[in-house]
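Welcome, and please open your viewer. We will go through this protein one selection at a time.

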Amino acid sequence: MPDTNPYEGHPALSETEAEVLWQYAKLSQNIKELVAETRRLSEAPDKTLLRRLRALEVKMGLVLTLFKASVWAVINEQPADDAVDATVGETI
């Protein structure tokens, strides 16, 4: 889009009308570019976003594994405590 106002100096337009038409033309061009970019982003997956999501998925898998290991350790400790409680309960 040219940087100069093509409506400037038009004999049928006042200075204000020419400026309004020029601003409208620039706005129209910006909207067209926005629509094109939005369409491009919605049609094809963003490779950078996919790469970041993959890294996050790997980290979440690691967190899940560590969480499971912690839960397993807590579960393994409980039967020993329960056996002691059962023995104490039988002697009473």
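The tour starts with the whole chain and then moves along it.

**Before you click**

This is a predicted model, in which local features need pLDDT of at least 70 and side-chain atom pairs count only at pLDDT 80 or more, while totals for chains, interfaces and linings use all residues. Residues are numbered from 1 along each chain as its sequence is written, and side-chain values use heavy atoms, with hydrogens and water left out.

**Stop 1: the whole protein**

Colour by secondary structure and you will find two helices and zero strands. Here helices (H or I, at least four residues) and strands (E, at least two) are DSSP runs, numbered from the N terminus. Of the 92 residues, 4% are buried. Buried means under 20% relative accessible area, exposed over 50%, and partly exposed in between (1.4 Å probe, protein chains only).

**Stop 2: helix H1**

Select residues 15–43, which make up the 29 residues of H1. From first C-alpha to last, H1 reaches 42 Å, close to the 42 Å expected at 1.5 Å a residue; the expected span is 1.5 Å times one less than the number of residues. Which residues of H1 are buried? They are Ala 18, Trp 22 and Ala 25.

**Stop 3: the segment before H1**

Next, show Asn 5, which lies in the segment before H1. Asn 5 counts as buried because its relative accessible area is 13%. Setting aside residues up to four places away in sequence, Asn 5 touches Ala 18, Glu 19 and Trp 22, where contact means heavy atoms within 4.5 Å. Draw a distance here: a polar atom of the Asn 5 side chain lies 3.2 Å from the backbone oxygen of Ala 18.

Leu 13 is also placed in the segment before H1. With 27% relative accessibility, Leu 13 is partly exposed. Its contacts, leaving aside neighbours within four places in sequence, are Tyr 7, Ala 18 and Leu 21.

**Stop 4: two salt bridges**

How many salt bridges are there? The count comes to two, a salt bridge being a side-chain nitrogen of Lys or Arg within 4 Å of a carboxyl oxygen of Asp or Glu.

For one of them, select Arg 40 and Glu 37, whose side chains meet at 2.5 Å, N to O. Both lie in helix H1, three residues apart, about one turn of the helix. An α-helix has 3.6 residues a turn, so residues three or four places apart point the same way. Arg 40 is partly exposed at 47% relative accessibility, and Glu 37 is partly exposed at 36%.

Then move to helix H2 (residues 47–91), where Arg 54 and Glu 57 also sit three residues apart. In their salt bridge, the closest N and O atoms are 3.7 Å apart. Arg 54 is exposed, with a relative accessible area of 54%.

**Stop 5: a nonpolar patch**

Finally, select Leu 49, Leu 50, Leu 53, Leu 56 and Met 60, which form a nonpolar patch on the surface with about 460 Å² of accessible area together. Patches are made of residues with over 30% relative accessible area and no salt bridge, like charges being joined within 9 Å and nonpolar side chains (Val, Leu, Ile, Met, Phe, Trp, Tyr) within 5 Å. Zoom in on Leu 50, found in helix H2: Leu 50 is partly exposed, with a relative accessible area of 39%.

How values were computed
Polar contact = N/O pair within 3.5 Å; in protein donor to acceptor, adjacent residues only side chain to side chain. Areas by Shrake-Rupley, 256 points an atom, 1.4 Å probe, with all protein chains shown as cover.
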